[in-house]
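Please keep the sequence and the structure at hand while reading.

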Amino acid sequence: MFRKELIWLRKSVLPLAMATMMIAGTYVAASSTTAAAASSASGVWPGVGKICEPGPGGASSVRGLGGKTINIAVFNDAANTIVPGLEVEFVQQATAFADWCNAAGGIDGRKIVIDNRDAALFNAAQEATAACQSDFMAVGGGMALDQPSVPIREKCGLGQITGYVVSNASDLATDQVDPSGINTSTAFSGWFAALAKAYPKAVKEAGMGAEDSPSILQSETKYEFGAEAAGWKVVDFPEPPTTVENWAPYVEQYQQKGAQALWPADSGNFTPFAQAMTTAGYHPAFILLGVQFANSQTQQAVAANPSLPPVYVETSWWPLAQASQNPSTEELVTIMHKYAKGDTIDFDDEEGMESWLLWAKAASACGASNLTVSCVLNHAAATKNWDAGGIEAPIASLTLSNENPQPSPCFALLQLTTKAIVYDKKLTDPTQSIWNCNPKNVIQLTAAQQAQINSL
């Protein structure tokens with residue numbers, strides 16, 4: 001969930017049907033059963049309720065609303081040439097959800113029309129401007145370099161229920177509800193504390209880092225503060241460019257500084273980084289990665305580099321390989337198999353879907369004749385105990401992004417082994433379902449820390 005702030009060089013490579021995970025010592029194959037499909041025709045989503053149904057529709061003067069249609073923007077960066085296909089899953093998932101919802105009658109009789117707003121990394125402002133011309137709202141997407149889009153979207157009143165946010169400006173934006181409750185005054189410390197408990201000596205010599213972009217540096221500096229609050233002492237924090245062809249110099253720098261606990265500056269493809277570690281003979285105590293690395297590509301990199309130390313991945317999303325154990329996640333898998341055949345399924349689809357579920361729940365509550373941006377946002381912001389039916393770790397209360405939202409403290413830790421992606425129950429120390437939800441997992445940043453982040 002918190003990794004939404006920096007899920008920027010992610011590229012999905014995990015076909016769900018091939019994924020397996022070992023839970024409490026038992027391998028569980030990913031399910032693509034159609035048991036959950038029964039809810040599709042009725043517009044009922046497991047754990048969320050009835051969100052799509054026939055209705056009168058009706059003429060409206062609201063931008064993006066037709067008598068029988070609703071135009072929704074989905075922001076992404078798929079057309080960029082640096083990491084082609086970035087966030088394309090948001091569009092795929094949105095299209096699949098729209099097909100599912102429209103088959104049940106749409107939102108009170110209005111069919112959802114998906115407008116693909118592809119910023120290609122560097123055109124966030126232009127795509128926000130385009131959405132301001134014809135879209136009712138933006139739902140379930142995200143742009144890696146989102147800062148330029150914020151004032152444009154706010155000026156035109158384009159409401160948003162985010163897939164993910166990156167910059168501080170986006171964190172605090174008006175006319176927005178972030179289902180994860182991200183704010184600028186707190187940082188996540190939970191998974192750093194779990195690793196500190198397991199590796200108390202190693203975390204005293206930690207290596208972190210971030211790509212040299214203001215949006216990314218802001219979010220990664222938060223993580224640095226969260227790690228330090230958990231007892232980590234950061235001895236090295238490199239700032240490589242947003243694209244790195246050779247990770248060897250950065251690996252050697254970590255090695256020379258004696259970093260034993262590693263949260264790498266790499267946020268994209270782990271394979272070159274792992275190979276550089278093997279070549280350098282660098283063997284820290286452990287590696288901790290963000291949720292975007294919970295895929296087969298990273299697992300294969302671990303298998304191909306057996307000298308790597310234990311590799312862990314944090315997550316606040318229900319593991320897809322356990323989809324059959326959560327009806328909401330299983331429904332997501334079912335509709336993706338039905339409406340997006342051949343597309344991979346990863347946590348991008350989960351974070352997009354929980355935004356769409358929140359939006360549809362709120363929009364349906366407004367009714368056909370009262371559907372406005374403010375009505376949708378107000379209903380979404382008033383939601384309590386949100387978890388998208390279990391797709392996401394629970395959050396106690398949502399609110400508008402400019403009204404001090406409070407994030408969920410819940411997380412789980414996975415381990416990438418040479419054979420599988422393994423839920424680490426011992427390291428997670430769950431307090432609720434598979435999650436560790438200790439309130440101390442979220443820390444309050446000091447005024448000086450916030451000022452430092454804002455200056456980046």
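## Surroundings of Q218

Once its neighbours within four places in sequence are set aside, Q218 is in contact with S167, N168, I453, N454 and L456. The model is a predicted one, and in it Q218 lies in helix α7, which covers residues 214-229. With a relative accessible area of 5%, Q218 counts as buried because the cut-off for that term is under 20%. The side chain of Q218 also reaches the backbone nitrogen of N168, at 3.0 Å, and N168 is one of the residues in contact with Q218.

Five strands form an open sheet in the order β6-β5-β7-β8-β9, and their pairing is parallel. Its edges are β6 (111-118) and β9 (176-177), each of which pairs on one side only. Within the sheet, β7 pairs with strand β8 (residues 159-161) in the parallel sense over three bridges, and M137 stands opposite G159 in β8.

Two helices that pack on this sheet can be described by the strands they touch. Helix α3 (residues 124-134) touches β5 and β6, and its direction makes about 155 degrees with that of β6. Helix α13 touches β7, β8 and β9, and its direction makes about 30 degrees with that of β8.

## Strands β13, β14 and β15

Strands β13 and β14 pair in the parallel sense over two bridges, with A261 standing opposite F286 in β14. Strand β14 pairs in turn with β15, again in the parallel sense, over three bridges, and here I287 stands opposite V311 in β15.

In a regular strand, side chains alternate between the two faces of the sheet.

In soluble globular proteins, nonpolar side chains tend to be buried together. The largest nonpolar core here has 63 residues, and those with the most contacts inside it are F97, F136, M137, L357, W359 and V376. The elements that give two or more residues to this core are β5 (69-76), α2 (88-103), β7 (137-139), α11, α12 (347-366) and α13 (373-381). Of these, α12 supplies the largest share, ten residues.

Around F97, not counting residues up to four places away in sequence, the residues touched are I51, C52, I112, I335, M353, W356, L357 and A360. A second, separate core has 32 residues and includes Y254, W318, A412 and Y423.

## Aromatic pairs

How many aromatic pairs does the count come to, when ring centres must lie within 6.5 Å? The count comes to 26 aromatic pairs. In one of them, the rings of W191 and W263 have centres 6.4 Å apart and planes at 10 degrees, so the pair is stacked. This pair links distant parts of the chain, 72 residues apart, with W191 in helix α6 (residues 190-198) and W263 in the loop between β13 (261-262) and α9 (270-280). Both W191 and W263 are buried.

The rings of W318 and W435 also have centres 6.4 Å apart, but their planes stand at 75 degrees, so this pair is edge-to-face. It too links distant parts of the chain, 117 residues apart: W318 lies in the loop between β15 (311-315) and α11 (327-339), and W435 in the loop between α14 (425-428) and β20 (442-444). Both W318 and W435 are buried. One aromatic cluster is formed by F188, W191, F192, Y199, Y223, W232, W263, F286, Y312 and F411, and it therefore holds both members of the stacked pair, W191 and W263.

## A loop proline

P407 lies in the loop between β17 (395-397) and β18 (412-416) and is buried, with a relative accessible area of 10%. P407 and I182 are 225 residues apart in sequence, yet 5.6 Å apart in space from C-alpha to C-alpha.

Terms used: Residues are numbered from 1 along each chain as its sequence is written. This is a predicted model: local features need pLDDT of at least 70, side-chain atom pairs count only at pLDDT 80 or more; totals for chains, interfaces and linings use all residues. Side-chain values use heavy atoms; hydrogens and water are left out. Rings of Phe, Tyr and Trp (its six-membered ring) pair if their centres lie within 6.5 Å; planes under 30 degrees apart count as stacked, over 60 as edge-to-face and the rest as tilted. Helices (H or I, at least four residues) and strands (E, at least two) are DSSP runs, numbered from the N terminus. Buried means under 20% relative accessible area, exposed over 50%, partly exposed in between (1.4 Å probe, protein chains only). A nonpolar core is a set of buried Ala, Val, Leu, Ile, Met, Phe, Trp, Tyr and Cys residues joined through side-chain atoms within 4.5 Å. Contact means heavy atoms within 4.5 Å. A polar contact is a pair of N or O atoms within 3.5 Å; within protein, one must be able to donate a hydrogen and the other to accept it, and residues adjacent in sequence count only if both atoms are side-chain atoms. Two strands pair if DSSP finds at least two bridges between them. Axes are lines fitted to C-alpha atoms, for helices over the stretch in contact, and angles run from 0 to 180 degrees between N-to-C directions.
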